[in-house]
Amino acid sequence: MAIPQTKMELRPLGNTGLKVSAVGFGASPLGSVFGPVAEDDAVATVREAFRLGINFFDTSPYYGATLSEKMLGKALKALQVPRGDYIVATKCGRYEEGFDFSAERVRKSIDESLERLQLDYVDILHCHDIEFGSLDQIVSETIPALQKLKQEGKARFIGITGLPLDIFTYVLDRVPPGTVDVILSYCHYGVNDSALLDLLPYLKSKGVGVISASPLAMGLLTEQGPPEWHPASPELKSACKAAVAHCKSKGKKITKLALQYSLANKEISSVLVGMSSVSQVEENVAAVTELEGLGIDKETLSEVEAILEPVKNLTWPSGIHQK
């Protein structure tokens, strides 16, 4: 039975020809990385996301030690819709046991991922957190291996992900134009850190699609606050906490404001947000709908920006440290 879909803004992803939903579904929480998620809940969450117009789903074998891929695979299969109706990205190179960007591991990795996802191909295969490997190996070995997988039809497009922004220019300057189709940057396009902005003209000139993840700065811009392991400095944590408290005192949700801030830049094709419940999906989609209708709350935004100004773009050197 067809699932009646609500319309959501779809944005072109670089030169890929893909059109991705403005909000993308970050599937890491389906791997129970932020707390347990039952299979029924995962299926219901993905179904609701798809029904509300989200067509882009992002995962990795690293999330929940392969559990995220398995759960997403089951949930997408349960949709019972044509494969072309949704876009799936997964990653290679980062695993529970560590990093391995070798060509041999990349080939093995995609076959394992496709089996877990119950798919014949993924739309995007990213090299995951490349700053933890040798960037020269990424250029000379990993990306050529990904190009072979592209020729074989196992991945339609190639991407790279990581926290430091200079890794993207390093790689893109050393591979032929059109080799890398997409980059995924995280924690660099939000209210507290918009450093990605400076890189957008360069990426556009290369024809590379831009996905931005974690508009809530891995929990800094939430009422429950960041997890204990969060690598931000005490100064950054304190300023974000003050911004959260200010919004709360006005009866506003900083999560909505932060998401809308990230969504407002149309140069970014999709903003990935982790979701693990139907209510989270509904809240995120409502933020998009409201942004398109009423626009962003400019008064609260300017007050929050003033609070965060002393720590603007003060991000940690690398997001999640290697074990």
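1. Aromatic pairs come up first. This is a predicted model, and the count of aromatic pairs in it comes to five, taking ring centres within 6.5 Å as the cut-off. One of them joins Y189 and Y261: the rings are stacked, with 5.6 Å from centre to centre and 25° between the planes.

2. What does the Y189 and Y261 pair tie together? Y189 belongs to the loop between β10 (182-186) and α6 (200-205), while Y261 is part of helix α8, so the pair ties together parts that lie 72 residues apart in sequence. Both Y189 and Y261 are buried.

3. F99, F101 and F132 make up a cluster, linked by ring pairs.

4. Two arginines sit over tyrosine rings. For R83, the charged end is placed over the ring of Y121, 4.2 Å from the ring's centre. R94 lies over the face of Y62, and here the distance to the ring centre is 4.3 Å.

5. Now for helix α10, which covers residues 298-308. Its buried residues are T300, L301, V304 and L308. Looking down the axis of α10, you find these buried residues within an arc of 100°, so they line one face of the helix.

6. Which exposed residues are on the face of α10 turned away from its buried side? That face carries K298, E299 and A306.

7. As for what covers the buried residues of α10, the list includes α7 (234-249) and α8 (254-263).

How values were computed:
Residues numbered from 1 in each chain as written. Predicted model: local features only at pLDDT ≥ 70, side-chain atom pairs only at ≥ 80, totals over all residues. Heavy atoms only, no water. Buried < 20%, exposed > 50% of the residue type's maximum accessible area, 1.4 Å probe, protein only. Helix = DSSP H or I, 4+ residues; strand = E, 2+ residues; numbered from the N terminus. Arc of directions from axis to C-beta. Contact = heavy atoms within 4.5 Å. Phe/Tyr/Trp six-rings, centres within 6.5 Å; stacked < 30°, edge-to-face > 60°. Lys NZ or Arg CZ within 6 Å of the ring centre and 35° of its normal.
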